[in-house]
Amino acid sequence: MRNILAASLLALSAGLAGNAFAEPVKIGMITTLSGGGAGLGIDARDGFMLAIKQSGNSEIEVVTEDDAQKPELAVQIADKMVQSDKVDLMTGIIWSNLAMAVVPAVTAQDIIYLSVNAGPSALAGAGCGPNYFNVAYQNDNFHEAMGEAANKDYKKTFIMAPNYPAGKDSLTGFKRYYKGELAGEVYTKLGQTDYAAEIAQIRASGADSVFIFLPGGMGIAFTKQYAQSGVGLPLLGPAFSFSQDVLPAIGDAALGVKNTASWAPDLDNAANKAFVDGFKAEYGRLPSVYAAQAYDTANLILSAAAKASVKDKDAFRAALKEAQFDSVRGKFSFNTNNHPIQDFYVREVVKDGDTLTNKIVGTAFTDHKDAYAAECKM
């Protein structure tokens, strides 16, 4: 399905109202709006469009299409957006295998791509480039944070992720900082929904904890089956496995789970409070980390477009690099490889009334940089 969404004049965001752009800005958003990963893409789209709406700027046009989590489809859509739709910028991809299929070809055509989520290591290191900005994280980061946090309480962790680029980055990141023993390391099929065999492996492993990276429907399926199994070992993960988009479907099986992220709905800064309140008012639900990252991405674009013409690529890239916008994460800046320098928090799944959500219970890293920036030759 193809939707063309223009910015509304219904609301104004602080600092951007009244800034006249030199010309319209057309943004191509390819994201996952159907299938098992749809919740992630819907949240990213909604967070992005909330910022555009709040900006009150009618010169922004967003062309949105569903990649259905299929790399070949994402490539076709990207080609059409560049060649036919004549977009100025691109964004929206959730999954790293899709990003690897799309981003290098798009940026080679001098289109600036801004990631709202996917952060494969290949694009942070040797594959970096001036047209690629990651506004979310590098894939390893959330997992690095949990590896560091796990050192406090656990000595023998079983780790598991899907067999695709982000899954490999996940376990690489966890192992980079975890000092304990691994009770097992398993890569599952992407999109898998039956985890009986893996749970049996966990039960027999002698582990004292389990770290999983299973975003979307995978995490829902695993966590429910794990709770029913009665294994009972503490579950750990990055925010993706226990994000707001999946918590209602997981239910009470997620209570007490520790997970790591650069953002949480209770993060105490003015921009975040305005974002959470605005998202709830607009969509009737709490935002997830995907929505928060996409909201920041849109506000970064808006801040750059207020300073430079998107047609002047050098000036626009420089304006993006300055990152002069009010991030919902508080502190935010870009490293030399156009990936964030940011703090990472330990969160716990709790109930707020009848609603499952995450609250911050600790800090894993301050001003953390990804491990691949040194390989980037920009």
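Select helix α12: the cover over its buried residues includes β4 (89–91), β5 (112–115), β6 (132–134), α11 and β12 (333–334). Helices (H or I, at least four residues) and strands (E, at least two) are DSSP runs, numbered from the N terminus. Contact means heavy atoms within 4.5 Å.

This is a predicted model: local features need pLDDT of at least 70, side-chain atom pairs count only at pLDDT 80 or more, and totals for chains, interfaces and linings use all residues. Residues are numbered from 1 along each chain as its sequence is written, and side-chain values use heavy atoms, with hydrogens and water left out.

Stay on α12 (residues 313–322). Colour K313, F316, R317, A319 and L320, which are buried (under 20% relative accessible area, 1.4 Å probe, protein chains only). They cover an arc of only 160° around the axis, so they sit on the same side of α12. The arc is that of the directions from the helix axis to the C-beta atoms. Next comes A323, which follows α12 and has a positive phi, near 50°.

Now select T223, in helix α8 (residues 217–229). Is T223 buried or exposed? T223 counts as buried because its relative accessibility is 0%. Its side chain reaches the backbone oxygen of G219 at 2.8 Å. Show I212, L235, F242, I250 and A253 too: T223 is in contact with them, leaving aside its neighbours within four places in sequence.

Terms used
Buried means under 20% relative accessible area, exposed over 50%, partly exposed in between (1.4 Å probe, protein chains only). A polar contact is a pair of N or O atoms within 3.5 Å; within protein, one must be able to donate a hydrogen and the other to accept it, and residues adjacent in sequence count only if both atoms are side-chain atoms.
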